[in-house]
Amino acid sequence: MSAAPAYDPRTARSVPETLDASQQLERSPDFRADLERIRFSPYFSRLSAVTQVISQTGAGMAIHNRLTHSLKVAAVARAIAVGLSAEGGRAGELLESLGGCNPAVVQAAACAHDVGHPPFGHLGELALDRLARGHFGLAEGFEGNAQSFRILTRLDEYDRDGAGLNLTAAVRSAVLKYPWIRAEGFGRPGGPQTPQGLSPDPNGAGARKFAVYTLDLHSMRQARAAYPGIGELQQTVECSVMDTADDIAYSLHDLDDFYRAGLLNQTAISAEFSAWKETRAELSAASEGQLRRVSHTPGRGLELLWRQLHRKDPWIADGDAFLAAVERVSEDVVEGLLMSPFDGSREAERSLATFTAEWITHLQSSVELHAEPNVRSGHVNLNQQAWHEVAVLKFLHQRFILGRADLTVYQRGQARLIERLVLGFSAWLEDEDDASRAPRRLLDLVELAAQDMLTLRRESPELLDAVDEPSLLRKAQGRGIIDYVASLTDAQATSLDGLLAGTSERLWDAGQGL
């Protein structure tokens, strides 16, 4: 009779479960079960109707959404994890000492990493953060990464009340890209000696990025206890693989989107790259202020990008590597892909598919494993050359798309829509005569937030900025409303805006799914 396998703390769930006989015969059944729980979650399904960068409502179905993004991140992440897991020798020993790199864990984390993102992409995130802090007095505001963790561990439902999807410690840890609460950022100096995301928010709210709200801190601590070899502010190996894959996918499929839509002006982009290469010496002598005053002049954008990289990440930023990255992107993208406008033909599709596949293969093969990574990096990251290449690829859409006036005016309208929803639901719940008729799911989320805040007051009152019950219940109402609005799709948010304004002409259709 074979001995029972040794206990693996990475498989520990929030609430223990018993596997049936068929599951016990499988290898790593816990991690694959997590992957399926996430894929079958309604929070995951809704990502098909949530903006990635540009809303499908305004740009058509060819544009990536949060679901297609997550699936592509999962594919890239799995390929990286399989490659790392196959390594033997010292690399294999190092990987095992750090907690391993299971491909199913990496896939699950990649599928789950964006489930907390609200309607209208990053724009919605900023609007909810401002409202959470300003209107409800929630010091932690709103953060998409922390919202993802809250959904997985608390808001979603599987078969254990209050345990979310009841995921393993490995998967819960693998979604923690910024493993700290917002308050961890207070007093931090920022700059190259501070982990990415932990630099103080410019609004003085604490860390700029964080992966867990104080309400859910106990779940993070429980999950991270399974990884004694990982530093307190460091990602697990599986999380750093997911984070690297996210960077790779983001840099390429945004390029795909905007190329298909005809929004990347080859002439303007070529002028930017050519001007920087031809006047590098002159630009390097200019002050930052001088560059910013004429930032739209060709060449200035790339020079400002280089200075930003060198200022924030001097541990890896290198002038020669940046020049080589500019040369490669210029050759492959500016003077390659963009020379032939996308016309929807089979030839254009084949050209774009080949370009994307070659770049993904190149970047997937450019990862490195480190025993003691820089404080601003993970145990797995891109090598120096690939790191610069991804930065230059991202620059294309940041420089030539996100600053467009037509996109900005559209996004400002979406921000006002989010504000109307939050304030409308707040007024509804404050109406004693009508509050009981609010959407059942909204009332459930407010009740859940109240339970969490009262539990935190009882067990860790030092983590709260107010402990009197009326204040806590007011904040719980705010957190519940934020949880509710953040769980909507773009279309649901738009329909609900019409309902709350009393202008919808399709009451019963628009009201379904409240």
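Which residues have the most contacts inside the largest nonpolar core? The views below start there. This is a predicted model: local features need pLDDT of at least 70, side-chain atom pairs count only at pLDDT 80 or more, and totals for chains, interfaces and linings use all residues. Residues are numbered from 1 along each chain as its sequence is written, and side-chain values use heavy atoms, with hydrogens and water left out.

**View A. The largest nonpolar core.** This core has 144 residues. Ile-38, Val-241, Phe-273, Phe-322, Val-422 and Val-485 have the most contacts inside it. Helix 12 gives the most to this core, with 11 residues. A nonpolar core is a set of buried Ala, Val, Leu, Ile, Met, Phe, Trp, Tyr and Cys residues joined through side-chain atoms within 4.5 Å. Buried means under 20% relative accessible area, exposed means over 50%, and partly exposed lies in between (1.4 Å probe, protein chains only). Helices (H or I, at least four residues) and strands (E, at least two) are DSSP runs, numbered from the N terminus.

**View B. The surroundings of Val-241.** Not counting residues up to four places away in sequence, Val-241 touches Ala-77, Ile-80, Ala-81, Leu-84, Cys-101, Val-106 and Val-380. Contact here means heavy atoms within 4.5 Å.

**View C. Asp-246 in helix 12.** Asp-246 has its place in helix 12. Its relative accessible area is 11%, so Asp-246 is buried. Leaving out residues up to four places away in sequence, Asp-246 touches His-69, Val-73, His-113 and Lys-177.

**View D. A salt bridge between Lys-177 and Asp-243.** The closest N and O atoms of this pair are 3.4 Å apart. Lys-177 lies in the loop between helix 10 (169–174) and helix 11, and Asp-243 in helix 12, so the pair ties together parts that are 66 residues apart in sequence. Lys-177 counts as buried because its relative accessibility is 10%. A salt bridge is a side-chain nitrogen of Lys or Arg within 4 Å of a carboxyl oxygen of Asp or Glu. The structure holds 34 salt bridges.

**View E. A salt bridge between Arg-399 and Glu-272.** The two side chains meet at 3.0 Å, N to O. This pair links distant parts of the chain: Arg-399 is in helix 19 (residues 384–400) and Glu-272 is in helix 13 (residues 266–278), 127 residues apart. Arg-399 is partly exposed, at 22% relative accessible area. Glu-272 is buried, at 2%.

View F. Asp-332 and Arg-328 form a salt bridge, with their closest N and O atoms 3.8 Å apart. The two are 4 residues apart in helix 17 (residues 319–334), so about one helical turn separates them. Asp-332 is partly exposed, with a relative accessible area of 26%. Arg-328 is partly exposed too, with 30%.

**View G. Helix 21 and what covers it.** Helix 21 (residues 440–459) has 20 residues. From first C-alpha to last it reaches 29 Å, close to the 28 Å expected at 1.5 Å a residue. That expected span is 1.5 Å times one less than the number of residues. Among the buried residues of helix 21 are Leu-442, Leu-445, Asp-452 and Leu-456. Their cover includes helix 9 (144–155), helix 20 (405–429) and helix 22 (469–486). Asp-452 is also linked with Arg-150, Arg-154, Asp-216 and Asp-483 in a network of salt bridges.
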